[in-house]
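Visitor: Please take me through this model, one region at a time.

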Amino acid sequence: IISKIETLRPRAGAASRLIEYLKSLADSHHISLFGNITAYAPETPHVLDGLLSQAELEAWYKKRGFFVHRGRNGIVELWYPKAP
């Protein structure tokens, strides 16, 4: 279980590399990845520089091959590989 993925330097590429690595492990071991997407919301406004909004984060995962779905309860779920 991975409970959280964050980056200290948004838009530097580390998260993309990590996600691609996790996808390669999932592919090689024939397993699926499941999770929830929640954008980080810092309490201080100056920390917002470079962070993705919820919509941008959902698009980020979609661009990387994840299926993204907003449930009736408002929770945004993802899985990889995409459902048939």
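Guide: At 74% relative accessibility, H30 counts as exposed; here exposed means over 50% relative accessible area, buried under 20% and partly exposed in between, with a 1.4 Å probe and protein chains only. This is a predicted model, in which local features need pLDDT of at least 70 and side-chain atom pairs count only at pLDDT 80 or more, while totals for chains, interfaces and linings use all residues. Residues are numbered from 1 along each chain as its sequence is written, and side-chain values use heavy atoms, with hydrogens and water left out.

Visitor: Where is H30 found?

Guide: H30 sits in the loop between α1 and β1. Its phi is positive, about 55°, although H30 is not a glycine.

Visitor: And the chain as a whole, in what order do its elements run?

Guide: From the N terminus, the order is α-β-α-β-β, with 2 helices and 3 strands in the chain. These are DSSP runs numbered from the N terminus: H or I of at least four residues for helices, E of at least two for strands. Of the 84 residues, 23% count as buried.

Visitor: What share of the contacts joins residues 24 or more positions apart?

Guide: Among contacts with a separation of 6 or more, 45% come from residues 24 or more positions apart. A contact means heavy atoms within 4.5 Å.

Visitor: On to α2. Which of its residues are buried?

Guide: L57, E58, W60 and Y61 are buried in α2. They cover an arc of only 155° around the axis, which puts them on the same side of α2; the arc is that of the directions from the helix axis to the C-beta atoms. An α-helix has 3.6 residues a turn, so residues three or four places apart point the same way.

Visitor: What is exposed on the other side, and what does the buried set pack against?

Guide: A55 and K63 are exposed on the other side of α2. The buried residues pack against α1, β2 (67–70) and β3 (76–80). After α2 comes G65, with a positive phi near 95°.

Visitor: Which members of the largest nonpolar core touch the most others?

Guide: The core has 13 residues, and I19, I37, L57, Y61, F66, V68 and L78 touch the most other members. Such a core is a set of buried Ala, Val, Leu, Ile, Met, Phe, Trp, Tyr and Cys residues joined through side-chain atoms within 4.5 Å. The elements giving it two or more residues are α1, α2 and β3.

Visitor: Take V68 and F66 from that list. What are they in contact with?

Guide: V68 lies in strand β2 and is buried, with a relative accessible area of 14%. Leaving aside neighbours within four places in sequence, V68 is in contact with I37, E58, Y61, K62, V76, E77 and L78. With the same exclusion, the contacts of F66 are I19, K23, L33, Y61, L78, W79, Y80 and K82.

Visitor: Which way is the peptide bond from Y80 to P81, cis or trans?

Guide: That bond is cis, with omega near -5°. P81 lies in the segment after β3.

Visitor: Last topic: what volume has the largest pocket?

Guide: About 1200 Å³. On a 1 Å grid over the protein atoms alone, a cavity is a set of points where a 1.4 Å probe fits but cannot get out, and a pocket is an open set with protein on both sides within 12 Å along at least five of seven lines; lining residues have an atom within 4 Å of a point. Grid points are joined across faces, edges and corners, and the volume is the space filled by probe spheres set on them.

Visitor: What lines it?

Guide: The lining has 40 residues, of which K4, I5, E6, L57 and Y61 lie nearest the centre. α1 (14–29), β1 (33–36) and α2 (54–63) each give two or more residues, and α1 gives the most, with 7. The lining divides into 26 nonpolar, 8 polar and 6 charged residues, where Ala, Val, Leu, Ile, Met, Phe, Trp, Tyr, Cys and Pro count as nonpolar, Asp, Glu, Lys and Arg as charged, and the others, Gly among them, as polar.
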